[in-house]
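Please find below a short note on the model, arranged as numbered points.

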Amino acid sequence: MAGLDAVKAKYGKEDEKEGLNTGRYAVNPLTGDKIPIFIANFVLMEYGTGAIMSVPAHDQRDFEFAGRYGLPVKVVIISEDSAEARKTESVEVKELTEAFEGDGILVASGRFSGLSGADARRKIIEFIEAQGYGAGRINYKLRDWGISRQRYWGTPIPVVYCVACGIVPVPEDQLPVILPEDAPLTGTGASPLAESSAFVNVSCPGCGAPARRETDTMDTFVDSSWYFIRYCSKKNEDSFARGNTDYWMPVDQYIGGIEHAVLHLLYSRFFTLILRDIGIIGMGEPFRNLLTQGMVCKETWKCEEHGWLFPEEAASGVCSHCNKPVDRGRVEKMSKSKKNIVDPDALIQRFGADTLRLFSLFAAPPERDLEWSDKGVEGASRFINKLWTAVRRNSREVRAARAGAAPLQNAAATALLRKTHQTIRKVTDDIEKDYHFNTAIAALMEMVNEISGFLPRDDADRNALSAAIRTVVLLVSPFAPHVAEDLWESTGERGSVFEQPWPEWDAVLAKDAEIELVVQVNGKLRAKILVPAGLSDDAAREMALADGKVAEHTAGRQIVKVVVIQGRLVNIVVK
């Protein structure tokens with residue numbers, strides 16, 4: 001408890017700095033010492049509140065704790081954006097308004113300064129091991145796993161119960177155990193399999209005496225933890241044909257809901273490692289990339305008498321059963337128990353399946369929770385109608401322009417083609433690099449606006465419009481496939497829209513005329529300025545220093561360095 005004694009010596013007196021000691025005491029259950037309540041809170045608190053990691057510059061809870069009690073704060077990690085500007089062994093604490101919790105770059109860390117967080121962790125472990133202080137270790141937390149369920153549709157558990165032999169595994173030559181087709185679905189909560197006498201009553205594989213099958217089934221995540229490996233081989237092939245699994249595995253992209261993915265990822269890795277260790281497959285990891293998608297959420301409604309209500313039961317602000325006012329609850333993930341769900345069949349009937357698909361992809365990035373909005377669904381429907389109108393209204397121009405392309409002759413045609421190629425680039429990058437379908441759809445909305453307002457006056461205009469319409473139909477097809485298929489046919493094209501190659505952009509035409517440049521002073525954002533694309537570093541430096549907002553923070557101060565990251569950032573270091 002030497003560390004505690006040092007803290008007590010500094011802060012444990014009645015006359016210490018105001019705020020550090022309230023005069024109230026607690027007893028340390030480990031030693032019996034009487035210590036100030038402030039120290040007790042600091043040392044004995046449970047994980048999750050107060051000071052946690054003893055790194056106030058890099059844990060927000062520690063940062064707030066240190067600020068409250070005037071404790072020293074030492075910065076040892078800085079962001080990569082500011083690392084170039086801060087090659088120093090000290091960083092002024094007054095710059096911090098909150099803890100920096102990213103990986104970043106180490107500073108004030110002796111031999112480890114300048115390393116990234118990932119590299120530093122590895123180097124520090126190597127140093128500790130070399131000095132004999134300890135050893136690196138990976139901890140896995142896999143909870144006990146209950147796999148049985150009282151359901152009909154799960155995989156049967158292949159054991160039987162015999163009075164003489166006890167629990168007996170079903171012999172391998174009798175596998176798989178097939179579910180019966182006559183199990184009654186009673187809704188009583190018990191396994192339906194227990195009601196099928198033909199399934200339950202069997203002979204013991206060991207002694208031949210009457211026995212009964214297990215009527216619980218395995219939970220479905222038992223199957224989903226390895227089914228992707230089975231998909232590598234055809235139905236009539238070996239389930240785990242080594243050549244097939246070595247060729248196709250690991251899975252390129254794994255996507256799972258935020259509540260599902262963590263445990264499912266652990267169980268999938270568990271199965272994969274076992275199958276590797278017994279020589280059935282060759283790889284040790286099942287997935288190359290993980291995308292954890294957010295939940296679909298909606299507001300909740302509750303009646304004091306009738307409990308949770310469906311949205312339509314509280315549409316007028318009163319309960320449809322008793323006419324009493326209802327309480328509007330917080331937005332929570334959709335669940336049958338809280339009745340904050342929507343009927344997809346009714347919405348598809350009204351708006352079409354493409355509208356629901358488009359709204360779901362547009363409302364939020366895939367890793368964020370999606371808050372359901374009826375107005376958002378209507379907005380997606382309006383966009384589809386606008387796209388439909390723009391394409392159908394110009395279908396004759398598109399058909400006529402397909403015969404031959406005239407050279408570009410005016411600024412309007414050039415501008416529309418530039419927008420077309422910029423949209424191809426944006427949608428392609430958003431889909432392939434980040435899965436940010438929402439920003440891809442936003443780019444398509446901008447392009448449809450351009451098409452809707454474009455009035456062709458000559459052959460150059462008509463050819464530019466034809467290329468734009470053909471492109472937008474191709475680009476929208478992953479998000480609204482039914483509408484895209486119909487529009488593709490309406491423009492006179494043959495074959496399915498999904499049989500066409502994905503459009504490619506021309507780098508010259510797609511080049512931005514202007515870009516947004518972020519300007520920082522000592523690592524803090526001070527301005528965003530529009531500059532010509534391809535601007536030189538010297539010109540970017542001059543434009544950044546000339547900005548009015550930036551000048552307010554540099555006036556009267558010595559400029560130590562200006563770091564330019566071309567096309568992205570200018571960081572001005574002053575003192």
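**Cores and strand pairing**

1. Among the 46 residues of the largest nonpolar core, those touching the most other members are Leu387, Leu444, Ile451, Val472 and Val473. A nonpolar core here is a set of buried Ala, Val, Leu, Ile, Met, Phe, Trp, Tyr and Cys residues joined through side-chain atoms within 4.5 Å; buried means under 20% relative accessible area (1.4 Å probe, protein chains only).

2. Two or more residues of this core come from each of α11 (344-351), α12 (353-362), α13 (374-393), α15 (411-434), α16 (437-452), α17 (459-476) and α18 (481-490). The largest contribution, ten residues, is that of α17. Helices (H or I, at least four residues) and strands (E, at least two) are DSSP runs, numbered from the N terminus.

3. The model is predicted: local features need pLDDT of at least 70, side-chain atom pairs count only at pLDDT 80 or more, and totals for chains, interfaces and linings use all residues. Residues are numbered from 1 along each chain as its sequence is written, and side-chain values use heavy atoms, with hydrogens and water left out.

4. Beyond its neighbours within four places in sequence, Leu444 is in contact (heavy atoms within 4.5 Å) with Phe383, Thr423, Val427, Val472, Leu475, Val476 and Phe479. A second, separate core has 15 residues, including Ile515, Leu517, Val521 and Val574.

5. Strand β14 (residues 296-303) pairs (at least two DSSP bridges between strands) with β16 (residues 327-333) in the antiparallel sense over five bridges; Glu299 has Val331 of β16 as its bridge partner. With β17 (residues 370-371), β14 pairs in the parallel sense over two bridges, and Val296 stands opposite Leu370.

6. β14 and β15 (residues 307-309) run antiparallel, joined by three bridges, and a hairpin of three residues connects β14 to β15.

Terms used
Buried means under 20% relative accessible area, exposed over 50%, partly exposed in between (1.4 Å probe, protein chains only).
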